[in-house]
Protein chains: 4
Amino acid sequence: MIGKTLWAIAEGYIPGQSTGEGPALESHETLCVLNPNERDASIELTLYFTDREPVGPYRLSVPARRTRHFRFNELKDPAPVPRDTDYASLLRSDLPVIVQHTRLDSRQPALALMTTMAFPGG
Amino acid sequence: MIGKTLWAIAEGYIPGQSTGEGPALESHETLCVLNPNERDASIELTLYFTDREPVGPYRLSVPARRTRHFRFNELKDPAPVPRDTDYASLLRSDLPVIVQHTRLDSRQPALALMTTMAFPGG
Amino acid sequence: MIGKTLWAIAEGYIPGQSTGEGPALESHETLCVLNPNERDASIELTLYFTDREPVGPYRLSVPARRTRHFRFNELKDPAPVPRDTDYASLLRSDLPVIVQHTRLDSRQPALALMTTMAFPGG
Amino acid sequence: MIGKTLWAIAEGYIPGQSTGEGPALESHETLCVLNPNERDASIELTLYFTDREPVGPYRLSVPARRTRHFRFNELKDPAPVPRDTDYASLLRSDLPVIVQHTRLDSRQPALALMTTMAFPGG
């Protein structure tokens, strides 16, 4: 089978500015999770910062045989993610999943993209 | 030798908009597969979504000692890939291959690119 | 647990030109390090070039349960990183950490981004 | 230690168009190789295509404790790399090295970038 239960992403930064219209073109970072299993996956996400204690866990779930692309911009509980601030993230899942990170950055009037697979542990 | 028979990509999103002329600059995502073997590789691709059952398998082949860069935009059987919709993909090959994913995004009038190696399993 | 004590990045290039205002939009490359451990991590970074001896070590630290995103542009001791010059980097840490590399490139008037996890060793 | 002797990159495409002035902003793809060893590394690169036989080996070398960022645009022997054409590449080194791939794409008047570590074998 495929996937891991522990993943890390060292980069994190949601630009506070955007150009373009609508939520699709708003500057954002996304945590893409694929759950190819036959059971729902329960995920705990912890965010790390430069000069304050980690925040979390954010509790997320991905149903069996589904993908969910979570925007960091929309995380709220236990706290929203500050804009224009460096962060990093660590994800624990009760089932093996696959995790990829993206940023869409529209601070200047032509969007930029970047992506990488997260780093697997466990 | 090199390569794996099982690969996953958690990110997937074909923008419904494009700027620029011609198919080269149309917004698209691509599944790049390298088959360095002396035999043809048979591939089954399954697409996962947020709120519906997986679709597939899409049956693809890569001849011996060739690369093929498949556009997700052009997949048709068993179903075309919806635009402006989150998806993810899982690839199984009968021979070890190497898989990389790219997006060219031309929604705004200056294209953006992103790429990553897919995540290997097996 | 998660992370490695040895990481390499083969790409390195700080563009000497920028458009846009302020340090956020200045062309730069960043070494993102996540230290999920309960102890501070001590890091030695060595830079490699095309036609001169390696430079380093640069001594960096990342406190326990923190992330730091170091700009290569701001490294000074033992020497600043030259602009418009190819380089590569090798990182050694006394504790397992996670390392990711990014470039923001604003030479032309719409920024471009790229990122990848560094390659782990050890 | 760190590095591998066999690496693959499934994506390859040199855009035939560019905007901006000078070689720095010409559309190109680059093979970044870091050789952290105390001996020079000898490399053989083979290019794969969609509908023709592989081309190679291209013979490259990276001196001890150096990095070289080879532009695919400048490869000539045994043959130049065609523009606007899908390709892939396989690299063999006599010593462990680290390999990363980038594209700078300036077909539209604001450059785009993408990068990923190559996939290791061996």
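In this predicted model, P57(D) is placed in strand β4 (residues 55-62) of chain D, where strands are DSSP runs of E of at least two residues, numbered from the N terminus. The peptide bond that leads from G56(D) to P57(D) is cis, with omega near 0°.

Local features need pLDDT of at least 70 and side-chain atom pairs count only at pLDDT 80 or more, whereas totals for chains, interfaces and linings use all residues. Residues are numbered from 1 along each chain as its sequence is written, and chains are lettered from A and ligands numbered from 1 in the order in which they are written.

The backbone also deserves attention at D84(A), which lies in the loop between β5 (66-71) and β6 (87-105) of chain A and has a positive phi near 55° although the residue is not glycine. Most residues other than glycine have a negative phi. D84(A) counts as exposed because 10 C-beta neighbours lie inside 10 Å, the cut-off for exposed being 12 or fewer other C-beta atoms within 10 Å, with C-beta atoms placed from the backbone.

Turning to the contact between chains, 26 residues of chain D are in contact with 27 residues of chain B, contact being C-beta atoms, placed from the backbone, within 7 Å. The elements of chain D that give two or more residues to this side are β1 (4-9), β3 (41-49), β6 (87-105) and β7 (112-117).

How values were computed: Contact = placed C-beta atoms within 7 Å. Helix = DSSP H or I, 4+ residues; strand = E, 2+ residues; numbered from the N terminus. Buried ≥ 20, exposed ≤ 12 C-beta atoms within 10 Å, placed from the backbone.
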